[in-house]
Amino acid sequence: MALDVRAVAPLYQGPDINKIRLIAQTTKKSTTPPKALTPAKTKLTTIETKRIMSVLDETIHKVELVSLLSHAASESKISEGMQGPDVTKAVREHEDLCQVLLDRVSYLQEEERKLQEAEEFEDEAWFRERLFAMDEQKSQLPQLMQEIKESTKNVVRLLLSNPQAASLLQAQTLGRSEEAQCFIDSLVELRGFLFEKLLTSPMEARDKIQFIQDITRRNRRHQEIIDTLENELAACVRNRNAEVEKENFVIQELKNHLHQVLKFSENSLQRTKQEAEKQQKADFRASQARVAKIQQEILVLQSQFHNLVMENREAEQALRKKKYKVETEIENWIQKYDSEMSEKQEEYEELDIIHKEEQLQLEELKKRYDVLVEEFSQIQAEREILTKKRLEDEQEMVRMVRAATLIQALWKGYLVRSMLKSKKKKRGKGKGEKEKGKRKGKGKK
């Protein structure tokens with residue numbers, strides 16, 4: 001298994017390495033153990049587990065060496081630093097074989113692309129010849145890949161027998177491609193997963209399986225909830241889309257109606273404009289005639305105005321004199337009003353002072369009244385309390401009198417009954433003694 005991995009390693013530029021990288025990343029996300037389920041042991045105890053880990057470590061080491069062969073072949077300093085001509089020769093031969101394989105693969109891909117473009121000529125002889133040549137070259141690829149596998153095994157064997165060359169090659173980590181580094185990281189991650197798996201006891205494995213099952217069930221429930229919510233969301237989206245379509249339909253109808261209204265308004269505007277122009281021309285002709293008539297009337301009115309002005313000048317002079325007389329009388333009345341208002345203002349100020357003093361006295365009387373009202377309410381409350389207490393005492397006295405009367409009556413009845421009982425007992429004793437005396441007298445006789 002390790003040799004097959006090493007044999008595929010020189011083809012790290014192909015798409016298969018990308019697939020392995022994606023799978024490794026998925027494994028990293030899905031196999032990350034929770035902190036609560038970490039193994040109790042920290043070291044391997046059995047020989048079998050140690051052997052498994054040593055095989056995996058050796059495989060990772062060989063993959064690291066193989067992934068640097070292309071860089072070692074391209075760098076002359078690294079090739080010269082390797083001790084032994086066998087290692088250098090084997091690395092170069094391996095690189096030549098890999099390059100030949102890559103060239104053939106690229107050539108075949110290019111030919112396939114050209115043939116796909118020329119599918120319409122598939123019945124032609126040259127098309128069949130090129131197709132036959134491609135099939136022949138494809139049949140040679142497995143043999144070339146087998147040679148690369150053998151070359152990889154030989155190079156790895158030489159490097160393992162020469163530790164100094166292996167360490168020199170392994171120190172050139174910058175020459176490794178991203179795909180190869182990702183593949184190595186995936187192997188290291190696989191080593192950690194396998195190491196944890198080997199440390200896990202059966203009980204811990206069962207606990208982990210139970211934990212994963214619980215997580216799976218919870219995830220299933222959550223997925224069902226998500227599905228229901230997605231269905232509800234889809235229904236809401238469909239409803240919203242339906243409403244949007246309805247609104248778009250209404251908007252389109254409104255746009256069409258608006259377009260029709262605009263057309264109708266343009267036509268009506270054109271008609272209105274034409275009618276307005278006709279009316280304007282008629283009005284202009286009528287206005288010219290009216291202006292001439294008005295000018296004649298203005299001349300007549302101007303002459304009448306001049307006559308009226310001359311007639312009204314004397315009246316204006318009389319009115320001016322009357323206005324001057326009235327103004328003087330108004331000034332006299334204003335002065336008289338000012339003097340009277342000043343006297344009234346002084347009187348008002350005096351009354352205002354008296355009013356303020358009376359207001360202060362009223363406030364003092366209100367305060368006294370409030371105090372008297374409060375005292376009266378307290379006295380009234382005390383009187384009510386005393387009245388209630390007196391009524392309660394009278395009611396209590398009536399109850400006590402009734403109780404005493406009842407007790408006396410009961411006591412008197414009890415005394416009467418006791419006296420009657422004692423009298424009955426005395427009468428009975430007297431009768432008994434008389435009968436005994438009679439009996440004794442008879443006996444003596």
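Patches are made of residues with over 30% relative accessible area and no salt bridge, like charges being joined within 9 Å. Lys and Arg count as positive and Asp and Glu as negative. This is a predicted model, in which local features need pLDDT of at least 70, side-chain atom pairs count only at pLDDT 80 or more, and totals for chains, interfaces and linings use all residues. Residues are numbered from 1 along each chain as its sequence is written, and side-chain values use heavy atoms, with hydrogens and water left out.

**View 1. A patch of positive charge on the surface.** The patch gathers Arg 417, Lys 421, Lys 423, Lys 424, Lys 425, Lys 426 and Arg 427. Lys 425 belongs to helix H10 (residues 202-444); helices are DSSP runs of H or I with at least four residues, numbered from the N terminus. Lys 425 has a relative accessible area of 58% and is exposed (buried means under 20%, exposed over 50%, partly exposed in between, with a 1.4 Å probe and protein chains only).

**View 2. A patch of negative charge on the surface.** Glu 340, Glu 343, Glu 346, Glu 347, Glu 349 and Glu 350 make up this patch. Glu 343 lies in helix H10 and is exposed, at 54% relative accessible area.

**View 3. A salt bridge between Arg 191 and Asp 57.** A salt bridge is a side-chain nitrogen of Lys or Arg within 4 Å of a carboxyl oxygen of Asp or Glu. The closest N and O atoms of this pair are 2.4 Å apart. The pair links distant parts of the chain, with Arg 191 in helix H9 (residues 178-199) and Asp 57 in helix H3, 134 residues apart. Arg 191 is partly exposed at 28%, and Asp 57 is partly exposed at 31%.

Terms used
Patches are made of residues with over 30% relative accessible area and no salt bridge: like charges are joined within 9 Å, nonpolar side chains (Val, Leu, Ile, Met, Phe, Trp, Tyr) within 5 Å. Accessible areas come from the Shrake-Rupley method with a 1.4 Å probe; for residues, only the protein chains shown count as cover. The place of a charge is taken as NZ of Lys, CZ of Arg, CG of Asp or CD of Glu. Helices (H or I, at least four residues) and strands (E, at least two) are DSSP runs, numbered from the N terminus.
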